Amino acid sequence: LGAFLEDKEIDVSAHLGEATQLQLVAVALILGFFAIRHELWKKLMFARIDARPAALMRIFFGLVVLWTFVDLTRDARFLFTDEGMWLTKMARKNYGGKLTTLWDPEHGFENPTDFFVVLWGKFSILHLRSDPMFVYSLYTVMLTSLTMMIFGMYTRFTTVLSWILVEQVYRYSPLFYTGGDTVVRVFMFLGMFCRWGEVYSWDAWRRNRRRILGVPGKIEPATSLPAWRRIPAWPQRLMMLQLAIIYSATGLLKTGNTWMNGTALYYSLCLDHFYRMPEQINVATFAQYTGVLPVVTVFVRWWELLFPVVLIGMLVNTYERERHEGTWPVTPLWRRATSYLMVAGAFVCLS
């Protein structure tokens, strides 16, 4: 039996090794595609695009993040202070990474460079101090910064500050957050590189108010609104790619029998920690009995699995529009043929 299990383990390891090699080959082929079709890479990542979608993303995503932490306010003492779940040193020991070994409460860091090593890891200032007064002060600054980011006030600064403060809270202890909070962290990070404060913001109004309202004796009031500023595309492209990966990955993980027979959402809605009133179970039962939840369950799974098709559709629409306008770049046949072969090879490796 031991020899059989050992052989199975070797087979599994060999299979995983082959899969990893094929994935690396697929990545190399995709990189080769953009090396040959470099004009597409430039158009995809370095073009200048309309700033309004990014501004709407800032507003609505910021509201989601703000509401997430406002909702956690009632549990902040229990989750984030030394009067709740963890004493400061216990939280530092369990979740502080290298801070536990490189920093001493009495003597600080032994070497000045240790501070940067700690920053690179799981550092949170709450691992140094987490009394209620300090935590609530930091929490208030975080909520204020998020609010200013939503309104577009000093947007670049408040976006960076919001990301830093959100990370301080999330890194203190991972016991309370879910995959949705991981999505918040990822998009807060990408938001730092996106110029999403160019329109629909206090910054834009402050920048244009002199031209719009005019200055008596110096500048005549504008007869039309100034044109929207265009912003670099690559941060939004990364957001789109990240969203497609999230949806596709969660769809691929929905492989159990309950997702196949349409009962997954029913069981989820009946879990104790997913409902706030007993009547929800009756509603879920009625929706399952009438066939509403089974249809929604199947729809959710396939929506997530096929979400990357949305990106393909956007690329095809852009190609058709620009080819009709005559702005699509002309590429020699040999480059197009080689790039198509690389895409086909990457698809074979991944499948």
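This is a predicted model: local features need pLDDT of at least 70, side-chain atom pairs count only at pLDDT 80 or more; totals for chains, interfaces and linings use all residues.

Colleague: Is Arg335 buried or exposed?

Modeller: Arg335 is buried, because its relative accessible area is 15%. The cut-offs are under 20% for buried, over 50% for exposed, and partly exposed in between (1.4 Å probe, protein chains only).

Colleague: What else is Arg335 in contact with?

Modeller: Setting aside neighbours within four places in sequence, Arg335 is in contact with Ile36, Arg37, His38 and Glu39. Contact means heavy atoms within 4.5 Å. For Ile36, the backbone oxygen lies 2.9 Å from a polar atom of the Arg335 side chain.

Colleague: What comes after H18?

Modeller: Ser351 lies in the segment after H18. Ser351 is exposed, with 69% relative accessible area.

Colleague: New topic: helix packing. How do H3 and H8 cross?

Modeller: The axes of H3 and H8 come within 8 Å, crossing at roughly 160°. H3 and H8 are therefore roughly antiparallel to each other. The axes are lines fitted to C-alpha atoms, for helices over the stretch in contact, and angles run from 0 to 180 degrees between N-to-C directions. Under 35 degrees counts as roughly parallel, over 145 as roughly antiparallel, 65 to 115 as roughly perpendicular, and the rest as oblique.

Colleague: Which residues make that contact?

Modeller: On H3 they include Leu63, Leu66 and Phe69, and on H8 they include Met142, Leu146 and Ile150. By class, the contact of H3 with H8 has 13 nonpolar, two polar and one charged residues. Nonpolar here covers Ala, Val, Leu, Ile, Met, Phe, Trp, Tyr, Cys and Pro; Asp, Glu, Lys and Arg are charged, and the others, Gly among them, are polar.

Colleague: And what about H3 with H10?

Modeller: H3 (residues 52–71) and H10 have axes that come within 11 Å and cross at roughly 135°. That's why H3 and H10 count as oblique to each other. Met57, Phe61, Val65 and Thr68 of H3 meet Asp181, Val184, Phe187 and Met188 of H10. Six of the residues in the contact of H3 with H10 are nonpolar, one is polar and one is charged.

Colleague: How do H9 and H10 cross?

Modeller: H9 (residues 155–172) and H10 (residues 179–191) have axes that come within 9 Å and cross at roughly 150°. H9 is therefore roughly antiparallel to H10. The contact includes Trp163 and Tyr170 of H9 and Val184 and Phe189 of H10. It splits into five nonpolar, three polar and four charged residues.

Colleague: Now the loops. What is the phi of Tyr154?

Modeller: Tyr154 has a positive phi of about 50°, although it isn't a glycine. Most residues other than glycine have a negative phi. Tyr154 sits in the loop between helix H8 (132–151) and H9, and Tyr154 is partly exposed at 44% relative accessible area.

Colleague: Which side chain has a polar atom 2.8 Å from the backbone nitrogen of Tyr154?

Modeller: That's the side chain of Asp203. Asp203 is in helix H11 and is buried, with a relative accessible area of 12%. Beyond neighbours within four places in sequence, Asp203 is in contact with Gly152, Met153, Tyr154, Thr155 and Gly197.

Colleague: And where does Tyr200 lie?

Modeller: Tyr200 lies in the loop between H10 and helix H11 (202–213). Its phi is near 55°, a positive value in a residue other than glycine. Tyr200 counts as partly exposed, at 37% relative accessibility.

Note on methods
Residues are numbered from 1 along each chain as its sequence is written. Side-chain values use heavy atoms; hydrogens and water are left out. Helices (H or I, at least four residues) and strands (E, at least two) are DSSP runs, numbered from the N terminus. A polar contact is a pair of N or O atoms within 3.5 Å; within protein, one must be able to donate a hydrogen and the other to accept it, and residues adjacent in sequence count only if both atoms are side-chain atoms.
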